[in-house]
Amino acid sequence: MKICPQCDHHFNQENWHCPSCGYTPPSLNGHLTFAPELAAESAGFEAEFFPKLAQLEAKNFWFRSRNRLIIYAIKHYFPQAKNFLEIGCGTGFVLQGIEKNLSHLTCSGSEIFTAGLEFATERLCKTTLFQMDARNIPFAEEFDIIGAFDVLEHIEQDTDVLAKMYQATQNGGGIILTVPQHPWLWSQADTHAHHVRRYIKKDLIIKLHQAGFKIVRVTSFVSFLLPLMLISRINSRSNSKDYDPTSELKISGFLNYLLEKILDMERWFIKLGFSFPFGGSLLVIAYKK
């Protein structure tokens, strides 16, 4: 069900012309825009980073491994799902993997920056894309699955986002989240990425319960690589003047291949039901009660 951004009227129809007040969201660069005042600039991210991200993520071990973990989570925990929304889809890398591996899903992707949607449009074939502020999702009981992958940490009002995700999820559906974990891993990488926080597991669980969700699975990932990650973060703190915010994405060659294989092994343990207590990131699956 759609929710009119102008008058809050709920309605069911294919187009976005509100039958109550007559409002239609504007289009910007070919995409419906629900928060046009934030489409070019927002405090949580720098749109100028999208070209670098689009160039690096398809080759980087972390993005590739996270995609496989997300696809596993969808298949395992939402086998009957018919549609999916990704909040903060960026350049569309996750949705590209979902289109390829879960072709039965009707996919939608939202991004606060229209600059990200330009890259996503080039990558995707059949996904509906639109500009949106995650704190004000204009849907109610619309999606079987909603995903937010390394998005919540950019938003101060993360509880508002979780509440809106609950509103937009169909009864019996649920959400998949990935977030950076452990405040003691905070470094310049987080500062440059405009992170508001690195999560503590129990704090995120409390926020999800407050939003109304039932937790199904919580596990850390990037666990086998946690010692290397810690060393990298400590080094970045001591070499602040020469810090390159894209350095962790520029790993290539044999080392990139080796790290990806290590995370493949880690995912195998997760598939067997083992939940890691520590890791650079956190995966959470929750159902709407």
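## Exercises on cavities, burial and cysteines

The lining of the largest cavity divides into six nonpolar residues, one polar and three charged. (Nonpolar covers Ala, Val, Leu, Ile, Met, Phe, Trp, Tyr, Cys and Pro; charged covers Asp, Glu, Lys and Arg; the others, Gly among them, are polar.) The model is predicted: local features need pLDDT of at least 70, side-chain atom pairs count only at pLDDT 80 or more, and totals for chains, interfaces and linings use all residues. Residues are numbered from 1 along each chain as its sequence is written, and side-chain values use heavy atoms, with hydrogens and water left out.

Find the residues that line the largest cavity, and the elements that give two or more of them.

Start with the count: the structure holds one cavity of 30 Å³ or more. (On a 1 Å grid over the protein atoms alone, a cavity is a set of points where a 1.4 Å probe fits but cannot get out; a pocket is an open set with protein on both sides within 12 Å along at least five of seven lines; lining residues have an atom within 4 Å of a point.) Next, the volume of the largest cavity is about 80 Å³. (Points join across faces, edges and corners, and a volume is the space filled by probe spheres set on them.) The lining consists of Trp62, Ser65, Arg66, Leu69, Phe221, Val222, Leu263, Glu266, Arg267 and Ile270. Two or more lining residues come from each of α2 and α9 (253-271). (Helices, H or I with at least four residues, and strands, E with at least two, are DSSP runs numbered from the N terminus.)

**The second largest pocket**

Describe the lining of the second largest pocket, and name the element with the largest share.

Its volume is about 280 Å³. Of its 14 lining residues, Trp16, Ser108, Thr128, Phe130 and Phe139 lie nearest the centre. By class, the lining splits into seven nonpolar, four polar and three charged residues. β6 and β7 each give two or more. The largest share, three residues, belongs to β7.

**Asp190**

(Buried is under 20% relative accessible area, exposed over 50%, partly exposed in between, with a 1.4 Å probe and protein chains only.) The side chains of Asp190 and His195 form a polar contact of 2.8 Å. (That is an N or O pair within 3.5 Å; within protein, one atom must be able to donate a hydrogen and the other to accept it, and residues adjacent in sequence count only if both atoms are side-chain atoms.) Leaving out residues up to four places away in sequence, Asp190 touches Leu185, His195, Arg198 and Arg233. (Contact means heavy atoms within 4.5 Å.)

**Thr169**

Locate Thr169 and trace its surroundings.

Thr169 lies in strand β9 (residues 169-180). Its relative accessible area is 0%, so it is buried. Its side chain reaches the backbone oxygen of Met165 at 2.6 Å. Ile146 is 23 residues away in sequence, yet 6.9 Å away in space, C-alpha to C-alpha.

**The cysteines**

How many disulfides does the structure hold?

The search of the whole structure finds zero. (A disulfide is a pair of cysteine sulfur atoms within 2.5 Å.) For Cys21, the nearest cysteine sulfur is that of Cys4, at 3.6 Å. Cys21 is partly exposed, at 37% relative accessibility. For Cys125, the nearest is that of Cys107, at 11 Å. Cys125 is exposed, at 74%.
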